[in-house]
Amino acid sequence: MIRRLYRVLGPEGAGFLNRLLVVLAGAAILQGLAFTLLVPVLRTLLGERPGEVWPWLAALTVCSLAYAALQAVAVSSGFTVGSRLSRVLHRRLADRALDLPIGWFTPARAAELSRLAGQNVIQVMNTPAHLLRPLTGSVLTPLTIVAATFLFDGRVALVLLLCAPVLVAVHLWSTSVMSGLDRGRDAAIGESADRVLEFAQNQPVLRAFGRTVDGYGALDDALVAQSRADRRLIRRGVPGLVSFAFATRTVFALLLALGVSWTLGGSMDAPTLLALLVLVGRLTDSLSGAADLGAGMRIARNGLDRLDAVLGRQPFPRPAEPRLPRGADVEFDAVGFGYRHESVGDSASRTDPETELLRDVSFRIPERSMTALIGPSGAGKTTVARLLARFWDTTTGTVRIGGVDVRDITSEDLAATVSIVFQDVYLFEGTIEDNVRVGDPDADEEKLRRAAVMAGLDRVVEELPDGWATRVGEGGTALSGGQRQRVSIARALLKDAPILILDEATAALDQENEAVLTSTVQALAADKTLLVITHRLATVLAADQVLVMENGRITERGTHAHLVATGGTYADFWRQRTSANGWRLEVAP
Ligand SMILES: Nc1ncnc2c1ncn2[C@@H]1O[C@H](COP(=O)(O)OP(=O)(O)OP(=O)(O)O)[C@@H](O)[C@H]1O
């Protein structure tokens, strides 16, 4: 566990831990010496010359006082180190989060990260004060006692030495059994927590379809699995828990029997037997303390493993020689990509070429032009947008911006170059203004208003009683879907990056607002590179180039006129949309 602590803390936290361990080791050894000194004290007191006890008593007093002083230092430094640990861990987790690919942050992983930063860091910060101190005591104090016992009776020390491997083996066995059971239970608890969260978040849908808690199978299954894991822990864990205590008591009984037989045989005097039994009693007590720590240690160990898995996860390699994009044209050159299915702490692994989603995707978007990317659901359009913003690295091929491989551009420069509006808008708790200003916190009033007008947000702000100061609620829940979308578009426009990606950015807008945005997009194409993923005809018609994507490949490309004339998938799309539009016009009042 100490090794794990060092790994998780990294070099910056190692110094605190070193100092604490030295103090703890000193205290544990002094405690062992104080216990050992009980032997000459008792032997002299119960022997023929009790008056000679004073020097031993003085040594015992000095040892006990030194132990008490070191113990006081250890207690306070345990808490100090704990709070430093929490600071170091939070900083390391934050640094790692910044290095991880954006695509890593799925909702499940974000939830797990928040559990790690909360619950797990608290477990680890309690480790020095509540676990390391008793742990060093239960290992070093018995070792000191065994070593010192050689000075008084070699036979007793030898028996203790021979029993030690058995005790260690029993301890390791019970720890490994409990650890496996704990891990299973932790996973079951995590699954239940996720399902409860999902159940709470999906209440509107579940109620609309008349599904109550009894009818929500996923949550039922998770709760049943958790109670099964609890029962398994009790059933299989109890033998492990009692076995170590049983083994230490057996050692004590063995020594008692041997000591009595040596005393009856005349090779040990009664005061020595009594004193040694007191000493062995202290030793077995210390060892039993180790067994009591087992549960806390397993929990801390599992928590450390989870932290280690995230901290040890492969970050995006930083470019060895960072380059700046020379312009804002975009190029996908024979790009292949597949999603990896991995859990929170998995290290990077390559995808199976058979399951690749994108294959041989190549296209160019010239600077200051607009490209519409269309295709059926699941074709891979959003994935193309994510690869351009380097949410992930491609499996094969290259994505270039301004002639430079995105892997050679620092994440800061890339973020400044590319702006994205996704269909799933996320707003931060705060006001509308706070949320738009995320795009450029230093923007002046005029820039802010201009972005709002271009996104059609100015009308939203006018209609709301608190205007720009309207609070959006957690995740933007206080606004309608269309209002949220306009806030996120204004945010991206305020950022004013040379490349703008709009992924179904108008899906939640009504016709009037879509028209505002379509003319905005057309105007933006004059000085930005635009990639627009859309099903809206008006936007597609405004594009300089249309790319049709099907099953992870670009199957058609060209201008609207060219594609309609070719008579492929795009021509079908065009026909369906125009007839749908015609139908809509007929029924409109
Ligand atoms: N983070 C992810 N992890 C694993 N698979 C994913 C992930 N995101 C998308 N996929 C899968 O990749 C495929 C393509 O998804 P993508 O969102 O790129 O398609 P799309 O063409 O944008 O679809 P839509 O028009 O419905 O948004 C889908 O089968 C989807 O399930």
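User: How do you know which strands make up the open sheet of four strands, and in what order?
Analyst: The order is β2-β1-β4-β5, and the pairing is antiparallel. Strands here are DSSP runs (E, at least two residues) and helices are too (H or I, at least four), numbered from the N terminus. One heads-up: this is a predicted model, where local features need pLDDT of at least 70 and side-chain atom pairs count only at pLDDT 80 or more, while totals for chains, interfaces and linings use all residues. Residues are numbered from 1 along each chain as its sequence is written.

User: What makes β1 and β2 a pair?
Analyst: Two strands pair if DSSP finds at least two bridges between them. β1 (residues 330-337) and β2 run antiparallel and are joined by five bridges, so they qualify as a pair. As an example, Phe332 has Phe363 in β2 as its bridge partner.

User: Why is strand β8 called largely enclosed?
Analyst: A residue is buried if 20 or more other C-beta atoms, placed from the backbone, lie within 10 Å of its own, exposed if 12 or fewer, and partly exposed in between. In β8 (residues 529-533), five of the five residues are buried, so the rest of the structure largely encloses this strand. Thr529, Leu531 and Ile533 point one way, Leu530 and Val532 the other, and all are buried.

User: Which strands does β8 run parallel to?
Analyst: β3 (residues 370-374) is parallel to β8, with four bridges joining them, and Leu373 stands opposite Ile533. β7 (residues 499-503) also pairs with β8 in the parallel sense, over five bridges, and there Ile501 stands opposite Leu531.

User: Is Trp392 buried, partly exposed or exposed, and how do you know?
Analyst: Trp392 has 18 C-beta neighbours inside 10 Å, so it counts as partly exposed. You'll find Trp392 in the loop between α8 (381-388) and β4 (396-401).

User: What does Trp392 touch?
Analyst: Leaving out residues up to four places away in sequence, Trp392 touches Pro101, Gly103, Phe337, Arg386 and Leu387. Contact needs C-beta atoms, placed from the backbone, within 7 Å. Pro101 is 291 residues away from Trp392 along the chain, yet their C-alpha atoms are 5.9 Å apart.

User: How do you know which side of α11 the buried residues are on?
Analyst: In α11 (residues 445-455), Ala451, Ala452, Met454 and Ala455 are buried. They cover an arc of only 165 degrees around the axis, so they sit on the same side of α11; the arc is that of the directions from the helix axis to the C-beta atoms. Glu445 and Glu446, on the other side, are exposed.

User: Which residues surround the ligand?
Analyst: Among them are Thr106, Tyr339, Leu357, Gly375, Lys381 and Thr383. A residue counts as near if its C-beta atom, placed from the backbone, lies within 6 Å.

User: How much of the protein chain is buried?
Analyst: Of its 589 residues, 34% are buried. The chain's secondary structure comes to 17 helices and 10 strands.

How values were computed:
Contact = placed C-beta atoms within 7 Å.
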